[in-house]
Amino acid sequence: MSENTNLKESILRTSGVNPKKCMKCGKCSGTCPAFDEMEYHPHQFVAMVEKGNIEPLLNSKSLYYCLTCFACVERCPRSVEPAKLVEAVRLEVIRQQNQNHLTANDIPAKLDSEIPQQALVSAFRKYAK
Amino acid sequence: MEVNELQKIGVFVCWCGSNIAGTVDVAKVAETLKNEPGVVFSTDYQYMCSEAGQLIIKNAIKDNGLTGIVVCSCSPRMHEATFRKTAEAAGLNPYMVEIANVREQCSWIHKDMEEGTEKAIILGRSAVAKLNLNTPLIAGENPVTKRALVIGGGIAGIQTALDIADAGFEVDIVEKKQTIGGKMAQLDKTFPTLDCAACILTPKMVDASANDKITLYTYSEVDNVSGFVGNFTVDIRKKARYINTDVCTGCGACTEKCPSRKTPNEFNMGLDTRSAIFIPFAQAIPNIPSIDKNACLHFKTGKCGICQKTCGVNAIDFEQEDEIVTREYGAIVAATGFNPIKVDKFDEFQYSQSPDVVTSLELERIMNAAGPTKGKLVRPSDHKHPTDMVFIQCVGSRGESCREKGYCSKICCMYTAKHAMLIRDKYPDVNVHVFYIDVRTPGKNFDEFYRRAVEEYGVDYIKGMVGKVSTRSNGRLLVQGSDLLANEQLLLETDMVVLATAIEPDESVKDLATMLTASIDTNNFLTEAHAKLRPVESPTAGVFLSGVCQGPKDIPETVAQAGAAASKVIGLLCKDKLIANPCVAKSEELLCSGCSVCANVCPYGAITYEEKEVNDHGVRETRRLAQVNSAVCQGCGACTVACPSGAMDLQGFSTRQIMAEVDAICK
């Protein structure tokens, strides 16, 4: 429970979203272009984070189907901004320790002139800790 | 501390059951205050406001020859009037009563008995200090002009005026449009009984017009309001119709012959066009046309004048100008109504892109037999019969972004159920879907009405909101929305989309509120004097509220509120004189420098200047001095703070009295 509470607080802090403002109108899911690919839909993200039921979201591929098109952010009548919440859950997964698919030492070997500069900067920032 | 040797003060500490006695040691408060200067009597009692409590006060006044009393009790808003009457009955001047609020400002906000008691003593001491400097005040009287003004000629204004007239008082209606009737005149049917709006409204319009106590000022606006309760003076601007209303017979020949016919018809929500000289609708009252200067060829080019040639009674007058009429009133009722919000910011619903996306008020006109389609339900784009319709609820209501209103518009759930039901009844081949967030139908026979739409008429209610509407190549609309209960995203192809648009107060209310010194809330609804106990009075005396200008409401509620506002007006107009508040500002002549600062800050226009001869310590000279009209002054005290020479003082709340209170608190 306490771990879930910490997780929820962390997600709310990084996203700046207040899920209590949601009036459950469903406009986010009504507007979402990736709705059909998602196991958990935008309105469910909001409800599940609010309930602290975050584990299933962390393990769901739904996280990566969100296009961050911000249609839900634009149209939400309560300014809940679900896409920011999805992004925060995604960051929660990426930031977990010992989940790295790479180490900092692996990076130089993988360098390629095709890789965008920005991706390299991000990779070093993440793995150089 | 200043002590008036002649003052004999009694202190009465109320327990208010356990409300005060629970956190304040009332006996100790009474005992301690006995030692305050001027206090000759002090006691406590369970309920001071009760008959027995008031008797204690009366007896103490008589037995001890008290010159003033301090009651340590609840807020003066609750019982100041009670204790003033008690004191008056015992022969005291009612303004020799001071209330120390030891409930709302003390016992209710403290948990600790010691702290609560200490603060109660301080509050009591401060009231005693003030009372030591009180002087008896005599309230003046003002006459009442026995005539009422109703601003707005919709159902709210009409009903208010009819009820006031029924009690025998003269009443004027000022309506800014060409006809009375308001929004209700535009509606097709009314929920929950489905009677035709015109059938129940037009008899009331006729009544208002035929009633010899009611004067209609249509196509007129309020330009200026001055004065105060019982004595308002109002300038009404009668806008030029370019028609001599005394001779016009309303035959309508001019409207038929007018060659300028391309102006969007406001009455039909711009779904068709009207001529430049026009009568809004067949049952308009008065049934007199007016010329739209911006559309009229005569005004634009100097040519034409066909209406003038057509008119058999020579009623067209292109030279006519606005006329200002000044009238006196005892009471004013605001009944300025509402408008649907503009939905052009909701791009996701394609309102500005597709003619087949309409607002609910536009649908009312489409469904109405006198509307642009003669009541036939057709798609506006190609006039074909629709087979599918989607209604979207809460468009612009209950949101918090800048394009939305934060409140629930209250009427949309019911009118959408009405539209859906009427369409299914008349055209059973049309599939009707309603996207809703919540269905809110409190009201007599309201929820039953909504259930009938679902159960008997087969309207498809979908719990969810529409995310976007797009136009397909086949000319139909594609609605993408969520069905939350099925956890699905729906794609519905439809012919028409109807937006249940939020309502907002009419724009004119902002200027009007300033003129009336009535307050409006953040949504521009006029504020009532008390949300529960004084719902039809504005905080400004003599100004009353009727209809949606106070908050969203349907027709039954509007009519009920209109009657309530009328009864308050009648109660006021019945009086021959009004007791004035004696706690008004007064200027000390010898200190006044005539600088005008007080007149500039006075929100009520109560201060004027006059040249007056004064004798300043033997020097006789004529000076420019501030004069307070005590009938207009509301005792707000703004002038006393602004006056740089300390000449202005508020009777009953003088600077000396307030400083004495502060000193007593800081002692």
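## Helix α8 of chain B

Start with helix α8 of chain B, which runs over residues 197–210 in this predicted model. With its 14 residues, α8(B) reaches 20 Å from the first C-alpha to the last, close to the 20 Å expected at 1.5 Å a residue.

So which residues of α8(B) are buried? They are B:A197, B:L201, B:T202, B:M205 and B:A208. These residues cover an arc of only 120 degrees around the axis, so they sit on the same side of α8(B). As a bit of background, an α-helix has 3.6 residues a turn, so residues three or four places apart point the same way.

And what do the buried residues of α8(B) pack against? In chain B, their partners are α7 (155–166) along with the strands β8 (189–190), β9 (195–196) and β10 (214–218).

## Two domains in chain A

Over in chain A, there's a division into domain 1, covering 2–96, and domain 2, covering 101–129. Going by C-alpha atoms, the centres of these two domains of chain A are 28 Å apart.

## Spaces inside

Now for the gaps. How many cavities of 30 Å³ or more turn up in the whole structure? The search finds six, and the largest cavity holds about 120 Å³ of space.

That largest cavity has 16 residues lining it, and the ones nearest its centre are A:C32, A:P42, A:C66, A:C69 and A:C72. Two helices of chain A, α6 (71–75) and α7 (82–94), each supply at least two lining residues. Of the elements involved, α7(A) gives the most, with three residues.

Note on methods: Residues numbered from 1 in each chain as written. Chains lettered and ligands numbered in written order. Predicted model: local features only at pLDDT ≥ 70, side-chain atom pairs only at ≥ 80, totals over all residues. Heavy atoms only, no water. Domains from an automatic or database assignment. Helix = DSSP H or I, 4+ residues; strand = E, 2+ residues; numbered from the N terminus. Expected span 1.5 Å × (residues − 1). Buried < 20%, exposed > 50% of the residue type's maximum accessible area, 1.4 Å probe, protein only. Arc of directions from axis to C-beta. Contact = heavy atoms within 4.5 Å. 1 Å grid on protein atoms, 1.4 Å probe; cavity = no way out; pocket = protein on both sides within 12 Å on 5 of 7 lines; lining within 4 Å. Points joined across faces, edges and corners; volume = space filled by probe spheres on them.
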